[in-house]
Amino acid sequence: MFGNAAPGGLINAISKRPQNSESKEIGLELGSREYKSIYMDFTGPLTEQLNYRLITKTKDGLMVAGSDHDPSLLFAPSVHWNASEQTDLTIWAHYQQDKSGVVSSRKLPTSASLQNQNPNGLAKPAYLGSSNFDDFHQRQFSLAYEWKHRSRSEEHTSELQSLRE
C-alpha cells in the first residue's frame, strides 16, 4: 500500500453481519490487575425477511503502570432486510467509548538515574505520569449501510452501494 497512514499501520475493519440462524454467546473474562470483561453477541431472525445482530462489550482493569483504570464500552447493533429476491439492505451502527490513562513515555528523573542520590533508586511500580494529565478520552460513533440489487435480466448485473460514516 502506498500513501499516508498512521504510524501504527492500517486496519481492515470487517463488521459481523446479521445471520438468519439464531446464535447467542455471552462471555465473562477475569484477569490480573483487576481486569474484568463481559460481552455478548446475539444474532438471528426477527421475521422472515429481517435479521438482527447485537454485539456489546464492557471491560475495565488497571493500566500496566500506575493505578489508573482502563474502562471501555462497545455497542454495535445491525439489521439485515431481505426486501425481495433481488434486493437486500444492511444497516450497522457502532458506538465505542474509551477512557484510559496513557502510559507515560517520560524519561527517568536525573536524580534516580545519572546523579543516583537515592541509593534505592525508583520503586519498581513507579509511575512517572500524572493521572490528572496523562489520559485519553474517546467517544466514536459510526453508521453504515449496504444496499444490493440484482437485476433479473439475462446479463445478471447487480448494483452495490455502501456508505460508512
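## Strands, loops and side-chain pairs

Q: Over how many bridges do β2 and strand β3 (residues 50-60) pair in the antiparallel sense?
A: Strands here are DSSP runs of E with at least two residues, numbered from the N terminus, and two strands pair if DSSP finds at least two bridges between them. β2 and β3 form a hairpin with 4 residues between them. Their antiparallel pairing runs over 10 bridges.

This is a predicted model, in which local features need pLDDT of at least 70 and side-chain atom pairs count only at pLDDT 80 or more, while totals for chains, interfaces and linings use all residues. Residues are numbered from 1 along each chain as its sequence is written, and side-chain values use heavy atoms, with hydrogens and water left out.

Q: What is the phi of R33, a residue other than glycine?
A: R33 lies in the loop between β1 and β2, whose hairpin has 5 residues between the strands. R33 counts as partly exposed because its relative accessible area is 38%, where buried means under 20%, exposed over 50% and partly exposed in between (1.4 Å probe, protein chains only). The phi of R33 is positive, near 55°.

Q: What is the relative accessible area of E34?
A: E34 also lies in the loop between β1 and β2, and has a positive phi of about 60° although it is not a glycine. E34 is classed as partly exposed because its relative accessible area is 45%.

Q: Which residue forms a salt bridge with D41?
A: A salt bridge is counted when a side-chain nitrogen of Lys or Arg is within 4 Å of a carboxyl oxygen of Asp or Glu. In the pair formed by D41, the closest N and O atoms are 2.8 Å apart. The pair links distant parts of the chain, since D41 is in strand β2 and its partner is in the segment before β1, 25 residues away. D41 is buried, with a relative accessible area of 6%, and its partner is K16.

Q: Which residues are linked with K16 in a network of salt bridges?
A: K16 counts as partly exposed because its relative accessibility is 46%. The salt-bridge network that contains K16 also includes D41 and R53.

Q: Is E146 buried or exposed?
A: E146 forms a salt bridge with R17, with 3.1 Å between the closest N and O atoms. The pair links distant parts of the chain, R17 being in the segment before β1 and E146 in strand β6 (residues 135-150), 129 residues apart. R17 is partly exposed at 35% relative accessibility, whereas E146, at 13%, counts as buried.

Q: Which residue forms a salt bridge with K24?
A: K24 counts as exposed because its relative accessibility is 53%. In its salt bridge the closest N and O atoms are 3.3 Å apart. The partner, itself exposed with a relative accessible area of 57%, is E22.

Q: Which residues form a nonpolar patch on the surface with I91?
A: I91 is in strand β5 (residues 87-101) and counts as partly exposed because its relative accessibility is 36%. Patches are made of residues with over 30% relative accessible area and no salt bridge, like charges being joined within 9 Å and nonpolar side chains (Val, Leu, Ile, Met, Phe, Trp, Tyr) within 5 Å. The patch has about 350 Å² of accessible area together, by the Shrake-Rupley method with a 1.4 Å probe, only the protein chains shown counting as cover for residues.

Q: A polar contact joins the side chains of T87 and which residue?
A: T87 is in strand β5 and is buried, with a relative accessible area of 14%. A polar contact is a pair of N or O atoms within 3.5 Å; within protein, one must be able to donate a hydrogen and the other to accept it, and residues adjacent in sequence count only if both atoms are side-chain atoms. At 2.7 Å, the polar contact joins the side chain of T87 to that of H149.
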